[in-house]
Structure formats: structure tokens, C-alpha cells
Amino acid sequence: MSDQKKPRRRKSTSATWASGHCLCGAVELEIGVPARWAWHDHTGPSRRAHGAAYATYVGSYKSRFRFSKGQSFVARYEDKAAGRVRSFCKRCGTPLTYERAHSPTMVNIPRALFEGRTGREPLYHIGIEELQEWTYLGERLVPLKGFPGVVWTRPKRKRPNVLD
């Protein structure tokens, strides 16, 4: 064998990227696909940060994440006690990232920021014990007469008591 070293393989720079953006479009971001994982987060902090029953995230290695536009519009909120950092758009308030101290190589991004596919389906639920009683759970919906595009959960009909 010769003393020459074998050439090292270079990391591929041809990764497929999924693009996302905030509500106002000032901030754009990208992740390499497929995302590492995806899940629904029912915990109180995520509910409050998103103003919703739960937040759905996709996780990515930080090395496969980048802001492609508007990084100057990104603000950060650090919860030192919990070891969490959340970022959001300064202009419109859209949540952008969620990072945890115990997972320093990962960044989590709200799934709703991506219009296209991210390569992962959210199959996991975090904090399911905190599921709120007002969360939609797939009940049968019917159109609301006179209001196009609006559906509602019809109240259950009371059955007459046959013993009366």
C-alpha cells in the first residue's frame, strides 16, 4: 500500500430543501429534507406561544437549517429556567423556532410555516395529558346554513325517554 491517503468524501451540498416563511414574509427559512422528526406538542408553553390548542413542529439538525431571508427580523426569547429559546418575527409575531438546551444540535420549526412537504408526518404527541377539553378531536362536522365555508359540530339530539 502506498502512503497516500484516500480522498475523503465531501458532504453533499445537493440536499433537497423545504422552504417556509412567517406571516408577513419578512423571514424565510429552510431545512434539509427529510426533517428529523415531527410531532404535536400539547404542553402549556407551546399552546401559549402559538395561541392554539397545540403546536405541530418538525425537527431538524441545526446544520441542515438556515434563514434564507430576513434574519434581522428574528427576535429571541430565552426561558433560562426551562432551558428553552423561542424565536419569532419582530414584524408580525409569527413563531419561528424552538430550541431546547438538552438537545443542542437540533432546532424545531412550526410545521405550519411550510407550504410544501417536509419529509416527515407528525406521528407523535408530546404532553398529551395536557390535551384541552375544547380541542377538536374529529367530531362530525356539518355545513352551517347561510354561512358558506363554515362548518360546526351539531349538538347531539336528545332521545325521548321510552319509559315516559
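Is tryptophan 37 buried, partly exposed or exposed? Tryptophan 37 is partly exposed, with a relative accessible area of 23%; the scale here calls a residue buried under 20% relative accessible area, exposed over 50% and partly exposed in between, using a 1.4 Å probe and protein chains only. This is a predicted model, so local features need pLDDT of at least 70 and side-chain atom pairs count only at pLDDT 80 or more, while totals for chains, interfaces and linings use all residues. Residues are numbered from 1 along each chain as its sequence is written, and side-chain values use heavy atoms, with hydrogens and water left out.

**The chain overall**

- The chain has 1 helix and 12 strands, where helices (H or I, at least four residues) and strands (E, at least two) are DSSP runs numbered from the N terminus.
- Reading from the N terminus, the elements go β-β-β-α-β-β-β-β-β-β-β-β-β.
- Out of 164 residues in the chain, 32% count as buried.
- Contacts (heavy atoms within 4.5 Å) reach across the sequence: of those between residues at least 6 apart, 55% join residues at least 24 apart.
- The accessible surface of the chain is about 12,400 Å², and 53% of that belongs to carbon and sulfur atoms; the areas come from the Shrake-Rupley method with a 1.4 Å probe, and for residues only the protein chains shown count as cover.

- β2 (residues 28-33) pairs with β5 in the antiparallel sense over 4 bridges, and leucine 29 has phenylalanine 67 in β5 as its bridge partner.

**Strand β9, covered on both faces**

- 5 of the 5 residues of β9 are buried, so the strand is largely enclosed by the rest of the structure.
- On one side of β9 sit Met106, Asn108 and Pro110, and on the other Val107 and Ile109, all of them buried.
- β4 (residues 55-61) and β9 pair in the antiparallel sense over 5 bridges, with methionine 106 in β9 as the bridge partner of tyrosine 61.

**Aromatic rings**

- There are 4 aromatic pairs, counting rings of Phe, Tyr and Trp (its six-membered ring) with centres within 6.5 Å; planes under 30 degrees apart are stacked, over 60 edge-to-face and the rest tilted.
- Tryptophan 37 and tryptophan 39 have ring centres 6.0 Å apart and planes at 55°, so the pair is tilted.
- Phenylalanine 65 and phenylalanine 67 have ring centres 5.1 Å apart and planes at 80°, so that pair is edge-to-face.
- Tryptophan 39 is buried, at 4% relative accessible area.
- Phenylalanine 65 is buried at 16%, whereas phenylalanine 67 is partly exposed at 22%.
- Trp37, Trp39, Tyr57 and Tyr98 make up one aromatic cluster.

**Two buried threonines**

- Threonine 94 lies in the loop between β7 (84-89) and β8 (95-100), and is buried with a relative accessible area of 12%.
- The threonine 94 side chain reaches the backbone nitrogen of leucine 23 at 3.1 Å.
- Not counting residues up to four places away in sequence, threonine 94 touches Cys22, Leu23, Ser87, Phe88, Cys89 and Leu113.
- Threonine 97 is in strand β8 and is buried, at 6% relative accessibility.
- A polar contact of 2.5 Å links the side chains of threonine 97 and serine 87; such a contact is a pair of N or O atoms within 3.5 Å, where within protein one must be able to donate a hydrogen and the other to accept it, and residues adjacent in sequence count only if both atoms are side-chain atoms.
- Leaving aside neighbours within four places in sequence, threonine 97 is in contact with residues including Phe65, Phe67, Val107 and Ile109.

**An exposed glutamate**

- Glutamate 115 lies in the loop between β9 (106-110) and β10 (124-126), and is exposed with a relative accessible area of 71%.
- A 3.0 Å polar contact joins the side chains of glutamate 115 and histidine 21.
- Those two residues, glutamate 115 and histidine 21, are 94 residues apart along the chain, with C-alpha atoms separated by 8.8 Å.

Technical notes:
Two strands pair if DSSP finds at least two bridges between them.
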